[in-house]
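Hello,

Here is the structure I promised to pass on. Please look it over first; my notes on what I found follow below.

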Amino acid sequence: YQRNKYAINSDIIQFSRPEEIFFGKNYKLFDGVTIDDVAQGELGDCYFLSALAALAKYPKMIRGLFKTDKLNENGYYEIVLHIDGKPKIVVIDDYIPCYGMFHMPCFAKPNGSEIWALLLEKAFAKVNGGYLNIIGGFERESFEILTGFGSQYYTWFTNLLSNNNDLSKYKDKLFNKLSEACKNKNHLVGLSTNPYVSRDVGLASSHAYSVLDAVTITSKNKKVNLVKLRNPYGYFEWNGDWSDDSPLWGPEEKAQVKLLEDDDGIFFIGMDDVIKHFTLLEICQLTIGGNLFYKIDKKDQINGQVFN
């Protein structure tokens with residue numbers, strides 16, 4: 001059953017093997033693991049690919065999803081995903097959806113000649129009954145299926161906040177959550193935009209972004225809270241305050257962060273604009289060989305968060 005069967009023109013898609021995609025040249029399962037290895041194509045699975053890019057900070061965990069880290073000439077791969085909280089082996093082949101005779105992958109895109117991200121997207125699609133069934137979703141679902149760990153989420157709508165004081169308090173609370181998660185190296189974090197965002201500001205609507213960092217800098221003797229994000233497309237960036245080309249960046253400010261002015265999908269954005277343009281924060285805490293503690297109060301009943 002394909003719930004989004006009209007979302008993609010299947011008439012122009014054919015399945016190709018890696019040797020066709022790379023025109024007979026050598027290709028690899030892994031050639032290092034970095035966030036740049038993940039790039040979204042024509043499929044609306046930004047939430048999965050953003051989660052995958054966030055997990056790429058931990059190359060061993062990415063490699064651990066594969067039963068072997070070697071290429072299989074027959075195209076047979078066993079991938080471990082957590083289904084309903086339990087690790088299960090998902091068997092796939094290496095036939096990748098491509099644009100016709102050009103053998104160009106139309107969903108996840110390869111970086112160089114490695115195929116691990118393409119295969120993980122295919123395994124995720126298989127678990128859900130097909131590529132078109134993974135259009136639309138939440139990063140926390142992907143965090144959980146990739147890692148087996150639970151997640152928390154926070155959602156807000158600025159038009160429901162009655163005054164600037166409420167907005168300021170929530171903004172600070174939200175940044176503290178972001179900052180705490182980013183400082184601890186065992187967290188995966190994602191932010192998603194609201195459906196009313198205009199592309200004119202360099203953001204896609206209802207789109208999931210990987211959170212790479214949350215920092216506080218000093219600018220003109222004032223503290224400024226910034227969030228570092230990555231668009232899973234690998235390009236198309238925020239163009240407002242604190243974007244790559246923003247005049248707010250002076251030598252003093254640039255010295256406090258690693259600012260790369262490239263069209264790589266990575267950018268900084270201030271918390272005022274996070275509150276305005278985004279609506280969902282999702283956090284997954286990775287804990288291996290220890291205890292995991294959550295503080296739950298009455299407000300969490302509204303979100304319906306459940307911990308097993």
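**Helix α5 and its cover**

Helix α5 (residues 139-147) is mostly covered, with 7 of its 9 residues buried. Buried here means under 20% relative accessible area, exposed means over 50%, and partly exposed is in between (1.4 Å probe, protein chains only). Helices (H or I, at least four residues) and strands (E, at least two) are DSSP runs, numbered from the N terminus. The buried set in α5 is Glu139, Arg140, Ser142, Phe143, Ile145, Leu146 and Thr147. Glycine 148 follows α5 and has a positive phi, near 85°.

**What you are working with**

This is a predicted model: local features need pLDDT of at least 70, side-chain atom pairs count only at pLDDT 80 or more, and totals for chains, interfaces and linings use all residues. Residues are numbered from 1 along each chain as its sequence is written, and side-chain values use heavy atoms, with hydrogens and water left out.

pLDDT is the predictor's confidence in each residue, from 0 to 100. The protein averages 89, and 88% of the residues score at least 70. Among its elements, helix α4 (residues 116-127) has the highest mean pLDDT, 98. Helix α9 (residues 300-303) has the lowest, 60. Where pLDDT is low, the predicted coordinates should not be read in detail.

**Aromatic rings**

Rings of Phe, Tyr and Trp (its six-membered ring) pair if their centres lie within 6.5 Å; planes under 30 degrees apart count as stacked, over 60 as edge-to-face and the rest as tilted. The rule gives 12 aromatic pairs. One of them is tyrosine 209 with phenylalanine 278, edge-to-face at 5.6 Å centre to centre and 70° between the planes. This pair links distant parts of the chain: tyrosine 209 sits in strand β8 (residues 208-219) and phenylalanine 278 in strand β11 (residues 278-285), 69 residues apart. Tyrosine 209 is buried, at 0% relative accessible area. Phenylalanine 278 is buried too, at 1%.

Now take tyrosine 233 and tyrosine 235. Their ring centres are 5.7 Å apart and their planes lie at 40°, so this pair is tilted. Tyrosine 233 is partly exposed at 24%. Tyrosine 235 is partly exposed at 44%.

Phe30, Phe66 and Trp116 form one aromatic cluster.

**Charges over rings**

A charge sits over a ring if NZ of Lys or CZ of Arg is within 6 Å of the ring centre and within 35 degrees of the ring normal. Arginine 63 lies over the face of phenylalanine 30, at 4.5 Å from the ring centre. Arginine 199 lies over the face of phenylalanine 236, at 4.3 Å from the ring centre.

Best regards
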